[in-house]
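Where does the ligand sit, and what is around it? Let's take a look at the pockets and who lines them.

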Amino acid sequence: MFNIILFGPPGSGKGTQSEKIVDKFGLVHLSTGNLLRQEIADKTALGLEAKKLMDRGQLVPDEVVIGMIDNCIENHADAKGFLFDGFPRTVAQAEALDKLLELKKTSIGKMIALEVSEDELVTRLLKRGETSGRSDDTNEEIIRNRFAVYKKDTSQVAEHYKEQNKFEMVKGEGSVDDIFELLRQAIERGSSAT
Ligand code: ADP
């Protein structure tokens with residue numbers, strides 16, 4: 001198996017690039033944001049609780065997202081590998097993911113981070129909010145709160161994978177195809193090591 005984490009702040013293009021990566025490399029795409037939005041659309045108890053936090057730009061509790069990821073990994077026993085998008089977002093989530101993969105006799109091959117300036121991120125998110133129907137993208141204050149959470153909790157996840165020598169940064173500004181080309185090269189460099 002070959003497992004990748006696509007990392008980066010809100011609006012850095014993880015969703016867009018994830019689609020292209022899973023097509024190219026035949027991986028299963030696991031986005032905790034998408035899984036949570038599906039729970040909200042289905043009006044489940046989990047979704048109703050998660051929505052309150054997401055609308056404020058706060059994180060959903062670790063045990064909730066870890067449980068969702070655990071289920072998805074179990075449901076895709078034949079996967080060639082997974083692309084994790086928007087997860088792990090805390091060190092506790094990263095440690096839990098490492099353990100889940102270890103049980104499957106596999107591990108993270110590589111974490112790739114998309115680097116985008118904060119001004120560009122705000123512009124992209126407000127633009128996405130005009131059409132996406134995502135309430136967390138329409139208010140600049142909530143967007144700024146998501147960046148604050150990212151800096152406080154999520155950026156440490158990069159350190160976790162840097163310690164494992166699995167981290168690589170890619171420039172996330174430019175055309176979608178140019179960024180994908182950089183990601184493709186980073187993935188191919190990484191896969192030879194695992
Ligand atoms: P973005 O990366 O643009 O913020 P996501 O779709 O990844 O968008 O996430 C939207 C929201 O869903 C987050 O602000 C957070 O509230 C919640 N969320 C998604 N993934 C996680 C996670 N791994 N841990 C905790 N909360 C999460």
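This is a predicted model: local features need pLDDT of at least 70, side-chain atom pairs count only at pLDDT 80 or more; totals for chains, interfaces and linings use all residues.

## Around the ligand

The ligand has 20 residues around it, and Thr32, Arg37, Gln58, Gln93 and Arg128 are the closest. By class, that shell holds seven nonpolar, six polar and seven charged residues. If you're looking for the main contributor, go to helix H2 (residues 32-41): with four residues, it gives the most to the shell.

A backbone N or O atom of Gln58 is 2.5 Å from a ligand oxygen, and a polar backbone atom of Gly86 lies 3.1 Å from a ligand nitrogen. Arg128 uses its side chain instead, with an N or O atom 3.0 Å from an oxygen of the ligand. On its own the ligand has 540 Å² of accessible area, and the protein covers 97% of that.

## The largest pocket

The ligand takes up space in the largest pocket, which holds about 960 Å³. Its lining runs to 49 residues, with Pro10, Lys14, Arg89, Arg128 and Arg134 closest to the centre. Sorted by class, the lining has 18 nonpolar, 21 polar and 10 charged residues.

H7 gives the most here, with seven residues. Strand E4 (108-115), H6 and strand E5 (167-171) also supply at least two each.

Key: Residues are numbered from 1 along each chain as its sequence is written. Side-chain values use heavy atoms; hydrogens and water are left out. A residue is near a molecule or strand if one of its heavy atoms lies within 4 Å of it. A polar contact is a pair of N or O atoms within 3.5 Å; within protein, one must be able to donate a hydrogen and the other to accept it, and residues adjacent in sequence count only if both atoms are side-chain atoms. Accessible areas come from the Shrake-Rupley method with a 1.4 Å probe; for residues, only the protein chains shown count as cover. On a 1 Å grid over the protein atoms alone, a cavity is a set of points where a 1.4 Å probe fits but cannot get out, and a pocket is an open set with protein on both sides within 12 Å along at least five of seven lines; lining residues have an atom within 4 Å of a point. A molecule sits in a cavity or pocket if more than half of its atoms lie within 2 Å of its grid points. Ala, Val, Leu, Ile, Met, Phe, Trp, Tyr, Cys and Pro count as nonpolar, Asp, Glu, Lys and Arg as charged, and the others, Gly among them, as polar. Grid points are joined across faces, edges and corners, and a volume is the space filled by probe spheres set on the points.
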